[in-house]
Structures are given as C-alpha cells and as structure tokens.
Amino acid sequence: MTCDFFQQATLGVQGLHPYQPGKPIEELKREYGIKNVVKLASNENPLGLSQSVLEAVQADLINLTRYPDGNGFTLKKALVQKHGVNMDMITLGNGSNDILELIARVFVTLTHSVIFSEHAFAVYPIVTQAIGAKAIVTPAKDWGHDLTAMQAAIRDDTRLIFIANPNNPTGTWVNKTRLKNFLDAVPEYVIVVVDEAYFEYASENRDYPNSLTWLADYPNLIITRTFSKAYGLAGLRVGYSISHPTIANLLNRIRQPFNVNNLALTAATVALEDSEHLKKSIALNRAGMEQMMNAFNQKGLPYIPSLGNFISVNVGEGAKVYELLLRQGIITRPIGGIYGMPQYLRVSIGLPSENDKFLQALWKVMNFE
Ligand SMILES: *Cc1c(COP(=O)(O)O)cnc(C)c1O
C-alpha cells in the first residue's frame, strides 16, 4: 500500500512552488543544440574569479578530505577587519539564502506573519510559506518597496520584515533617510532584514545607506550580504549576516555545523582582499548598465533604473521574448509567475560583447531591425 505523502506534508510545503533558477548553460546546449551560449540570467559576475582566488582554491583542494572550520574563523576575521564589526555579530551561510531561511526559522512560527513587498526576491515567500506563516505582501510603489505601506502592515503577530536593497528583480532601492525613518518606526519585536546582496554595486550611489552604522541603534536589524554577486563566487555558496550578537547566537544554534565548505571559506577570504578585482567588476557593471540603458532608450523600451548588476526591461510579452532569445543562444530571466511582472525580462549585465549579443538578438526577435 502506498501512502499519500503529499497529504502528509505540512500545509506550508504543500502550498509551495519550487524556486525557478536561471536556465543553466549546459541545459540550453543540450536542449537546443546551440554551441555559443550567453547567460545573462542569474546576476553572476561576468569577469569570473580573480587570479588570486583561483590559485588559493587550487592550493586548497588537498584539504577537501577534512571538515571545514565550522566557525569560519579566518573568513570572519577578514570580515571583522573589512567592516569594523565584532566577530560575534557575524553569521556565515551557505549563500545568503541560507541565512534568510535561518532567520525565518529562528523567529517565525505558523502563528506569525512576515511582511515583504510585491515583486520582491522570491526567497522571501518561499521561506515564509515553508514555515506555514502568514505572508503579508504590500503593493509596490513605482516597482519598489513602499515603506509606508510596509509600516502600516505591521500587526501584533508580525515577527519579520524582508527588505531587499536593492531589490531583485526590479533593481529598485530605498535611500538612507527613508530606511532610517522606517527603522525608527518599526517596533523592536519585529526583526528587519535588509538584504544587501548587491551592496558592492549599490554603494557607489551617495544616497545608498551604510546600514552597518545603524546596528548599534537598532538591535532588531539584520544585514545580509553575499559573495555570489560582485565577488563572483556564486557556485561556491557563501554569504553572511551582521546583526546583534544575541541574534547571531540564535542563528548559530540551528545552523548546520559545516554549512560553508573549505573551498568557499578560502575563496571568500582571498576575494575580500582583492580590491582590484572588485573595482574592475564594479566599473565593468557601470559601463554595461550604460550600454543597456542607452540601447533601450534608443528603441524606446521602458526599463526600471537599477542599482544592481541587472536590469528589468519591458518587452511586452516576457515569456515569449525569453523563449525566442533562447533560440538565439541568449539566456535571460522571464519574471512573470511569482514575481508578477509578465511584461518584463530581467537581464544581467555581462561583458560588453555579451551585452551587445543580447541587444542584437533582442532587436531581431522584437522586429526592431
Ligand atoms: C542573489 C541574491 C541573494 C544571494 O543569494 P546567495 O544565496 O548568496 O547566492 C540574496 N538576495 C537577493 C535579493 C539576491 O538577488
């Protein structure tokens, strides 16, 4: 006799839709028989690894037989030096997604509610739903987070608010003054996660907050960052949070003891020191963003100004244009479905030549030639 395992699953999990990742390059090659593929679907760093990281990782391969340092001491020490925070404020994660989930599991049960914005990062609804908690989704304003609406949505049972700054997939962001006022207004029993996955790109902007300076004033603030984007280590899975030590201590209790692997620890530590590669990556992104915006402007295609390493552009029918671009060997990201933006495509900023290939293919499939 077979069990009805679906019925046995928790209600939260029954209602989940799995996260849809960008299509891997190998899959497109296999399915479409295309040789030269340009992937602009997952906001990866088009420059790849720095030489120093590559060498450090290669030298570290011999240590794969050992368990990693479960405390990540060396990486934490490098982060302490970089950010001027105390070591007991840092929690390391298997990507920052790992941390987002840990936070939800520490503070939220199915009797609680979690607030995030319409069009916000897909991991927030997933971790909320997995617990079976109530998701309060506030309407977006100009595609971005409406902090006034988010504040008004807070209830007695609210335990957590997610703010992506800048947000993925819209690239929208909240400035210093707005975010500070919001933190002032949120009661202390509500944890505010400010997800800064694109911090290194966004902090070029003068009005972008330096949220680390607020940690002393707001013990309910958690900042998350990652090595997946500007540092180019998406495949290794390493991210971190900085928070009040009590929160870090709580996260540590449910963290998998070896959630960050040997190679990831080594790579992240070395990447943090390679400021040249980071600078290059940021400059490349700035130039690529200009290239995309200029091209969209020329054709009159509406787009959402972005502080990330990606841009969302209105192509009419996102899913259709996505599919036609695949046949041209270009992988982008359609953002209908859970993101609720069926007219848009999200495109990561690539190398200038990759951006150009994308743009030429886009004009072709949209009959703009
Ligand atoms: C990419 C991204 C992350 C980071 O994911 P990792 O798990 O660190 O690879 C987190 N938040 C947002 C908004 C992102 O776009």
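Tutor: Gladly, and let's begin with strands. Two strands pair if DSSP finds at least two bridges between them; the strands themselves (E, at least two residues) and helices (H or I, at least four) are DSSP runs, numbered from the N terminus. Here, S6 and strand S7 (residues 221–226) are paired in the parallel sense over four bridges. Across that pairing, Val 193 stands opposite Ile 222 in S7.

One caution before we go on: this is a predicted model, in which local features need pLDDT of at least 70 and side-chain atom pairs count only at pLDDT 80 or more, while totals for chains, interfaces and linings use all residues. Residues are numbered from 1 along each chain as its sequence is written, and side-chain values use heavy atoms, with hydrogens and water left out.

Student: What is the strand order in the open sheet of seven strands?

Tutor: The order is S2-S8-S7-S6-S5-S3-S4, and the pairing is mixed. Strand S2 (90–93) and S4 each have a single partner strand, so one side of each lacks a neighbour in the sheet. From one strand to the next, the twist averages 20°.

Student: Which strands does H7 lie across?

Tutor: For angles, axes are lines fitted to C-alpha atoms, for helices over the stretch in contact, and the angle between N-to-C directions runs from 0 to 180 degrees. H7 lies across S3, S4, S5 and S6, at about 160° to S5.

Student: And which residues of H7 are buried?

Tutor: Buried means under 20% relative accessible area, exposed over 50%, and partly exposed in between (1.4 Å probe, protein chains only). In helix H7 (residues 123–131), Val 123, Tyr 124, Ile 126, Val 127 and Thr 128 are buried.

Student: How do I read a nonpolar core?

Tutor: Think of a set of buried Ala, Val, Leu, Ile, Met, Phe, Trp, Tyr and Cys residues joined through side-chain atoms within 4.5 Å. The largest one here has 54 residues, and Leu 75, Ile 161, Ile 163, Phe 182 and Phe 227 touch the most other members. Helix H12 (residues 262–273) supplies the largest share, eight residues.

Student: Why does this core lie between domain 1 and domain 2?

Tutor: Domain bounds come from an automatic or database domain assignment. Domain 1 (10–39 + 276–365) and domain 2 (51–274) both give residues to the core, so it lies between them. There is also a second, separate core of 31 residues, including Val 37 and Met 366.

Key
Contact means heavy atoms within 4.5 Å.
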